[in-house]
Amino acid sequence: MSSLVVVGAQWGDEAKGKVVDLLAQEAAMVVRYAGGSNAGHTVMAGDLLLKLHLIPSGILNPETTCIISDGVVLDPGVVCEEIEALQARRISTEKLFISGNAHVVLPYHKELDRLEEERKGLGKIGTTMQGVGPAYADKARRCGIRVNDLVDADRLRRRLDAVLPDKNFLIEKLYGAPRLNEEAIYAEYRRYGEFLRPFVGEVGSLVSAAAANGRRVVFEGAQGTMLDIDYGTYPYVTSSHPVAGGACLGTGVGPHALDTILGVAKAYTTRVGEGGFPTEQTNAVGDLIRERDQEYGTTTGRPRRVGWLDVVALRYAVRVNGLDALALTLLDVLSTLPEVKICVAYRHEERRVTELPGDPEAFGRVTPEYETIPGWDEDITRLRDFAQLPENARRYVRRVEELCGIPVALVSIGKRRSETLILRPDLLGRG
Ligand code: IMP
């Protein structure tokens, strides 16, 4: 088994960063394939907590090549800051490569993200305001600016000349906001272009060659299945393809290059932004979990909405991603709760359903049906073996496996690499 896709099985924030960092120790390459600086991946380097938005979570391993591939929308200001911060901590960025074909987030994308959300009022999506949606929209409209344009002074000028007047027209005439100044954008983005030039190139052939030579490639997803533009809870979704298939679309490798698909799911559920959330707990349990794990957005600082584990949604993630196994994270956060609940079915229009409704609109109207498992009192973060977990915690994990129909390959019980219980090393390429 050479390549592995790490995909968010819920609404993002599943602690994929920790899982990728762990798997990157044995990988030749980590490829971030979708999303932009809306993502916030947290990894721990010794006692140092790193929050990355764009740079792959494998960067702490000096031997691992890290790639930002074509499917990402790149905010060059954010990536420059991340590179500088890593270099200041003496973390090598020598093996970082950025696809010249990735699309660039420009100031008008952020401005339009904000203005569109404001104009929608109560109907807003609750975006991260990082300009991600408008940047993907420009890609689809075929008026995007790509990293290859950014690193070339003439091309950047030509592209801005072509695109900015339309954007300013919208900003000024539709939204009544002040127009953006081309010279200021050009000067700022030229600086980024110069800084980033050494990192930029064609990356698809690097990834294909590594996969073809049987080298270990980890494809790092961002956001989660339920935020996928096609397969998520539209319109309350992001504008990219977080699902496993996005690894092919975003990198330019064929489906045969993907060997194992690992879905990362929290032992409970969180969601940021608007949209349906059947198992949401707007009560003391929700508050307790939020405070215990500091469930606030890495990118925006917004409090995350918190709820019980929803296996109806998880089974859907198993299907649309073709998941081989799960990484169940943050199990420690549930410790000391008197009981834990798993949503096993929904009530929808007087019927009991065990599948997600085909129309995402209906998703906001279903009510959950729970199974209850007694909780456990012990702090579990210091345990190093699955067999040492309290019986009820083990029961919980085994029940999730049963309900989802796939094995749990690892359980994360803390932020550090050592706070991980590996149940199926064979499925993680560690056999
Ligand atoms: P956008 O991706 O900024 O356009 O936001 C669209 C929706 O996706 C909003 O509900 C965001 O809160 C959500 N979202 C985007 N990125 C993340 C993430 O990394 N974690 C969790 N939610 C996210």
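Met44 stands opposite Leu49 in strand 4, within an antiparallel pairing of strand 3 (residues 41-45) and strand 4 (residues 48-52) that runs over 5 bridges. Strands pair here if DSSP finds at least two bridges between them. Strands (E, at least two residues) and helices (H or I, at least four) are DSSP runs, numbered from the N terminus. The model is predicted: local features need pLDDT of at least 70, side-chain atom pairs count only at pLDDT 80 or more, and totals for chains, interfaces and linings use all residues. Residues are numbered from 1 along each chain as its sequence is written, and side-chain values use heavy atoms, with hydrogens and water left out.

**Hairpin of strands 3 and 4**
- Thr42 has Lys51 of strand 4 as its bridge partner.
- The two strands form a hairpin with 2 residues between them; in the turn, Gly46 has a positive phi of about 60°.

- An open sheet of mixed pairing is formed by 10 strands, in the order 9-7-5-2-10-1-11-15-19-20.
- Strand 9 (200-201) and strand 20 (420-422) stand at the edges with a single partner strand each, so one side of each is left without a neighbour in the sheet.
- Inside that order, strand 2 (residues 29-32) and strand 10 (residues 217-220) run parallel and are joined by 4 bridges.
- Met29 has Val217 in strand 10 as its bridge partner.

**Domains**
- The domain assignment gives domain 1 (3-90 + 203-428) and domain 2 (103-198); such bounds come from an automatic or database assignment.
- The C-alpha centres of the two domains lie 29 Å apart.
- Across the boundary, 28 residues of domain 1 are in contact with 21 residues of domain 2, where contact means heavy atoms within 4.5 Å.

**Helix 6**
- Helix 6 (residues 153-174) has 22 residues and reaches 31 Å from its first C-alpha to its last, close to the 32 Å expected; the expected span is 1.5 Å times one less than the number of residues.
- A kink of about 35° lies at Val163, shortly before the proline Pro165; the bend is the angle between axes fitted to the seven residues ending at a residue and the seven starting there.
- Buried residues (under 20% relative accessible area, with exposed over 50% and partly exposed in between, 1.4 Å probe, protein chains only) of helix 6 are Leu156, Leu160, Val163, Leu164, Lys167, Asn168 and Ile171.
- These buried residues pack against helix 3 (107-120), helix 4 (132-141), helix 5 (147-150) and helix 7 (182-196).
- Just after helix 6, Gly176 takes a positive phi of about 65°.

**Helix 13**
- Helix 13 (residues 391-404) has 14 residues and reaches 20 Å between its first and last C-alpha, close to the 20 Å expected.
- Among its buried residues are Asn392, Tyr396, Glu401 and Cys404.
- The elements that its buried residues pack against include helix 11 (311-321), strand 15 (325-329) and strand 19 (408-412).
- Gly405, just after the helix, takes a positive phi of about 75°.

**Arg290**
- Arg290 is found in helix 10 (residues 284-292) and counts as buried because its relative accessibility is 15%.
- The Arg290 side chain reaches the backbone oxygen of Arg304 at 2.8 Å.
- Leaving aside neighbours within four places in sequence, Arg290 is in contact with Glu295, Tyr296, Pro303, Arg304, Arg305 and Val306.

Conventions: Polar contact = N/O pair within 3.5 Å; in protein donor to acceptor, adjacent residues only side chain to side chain.
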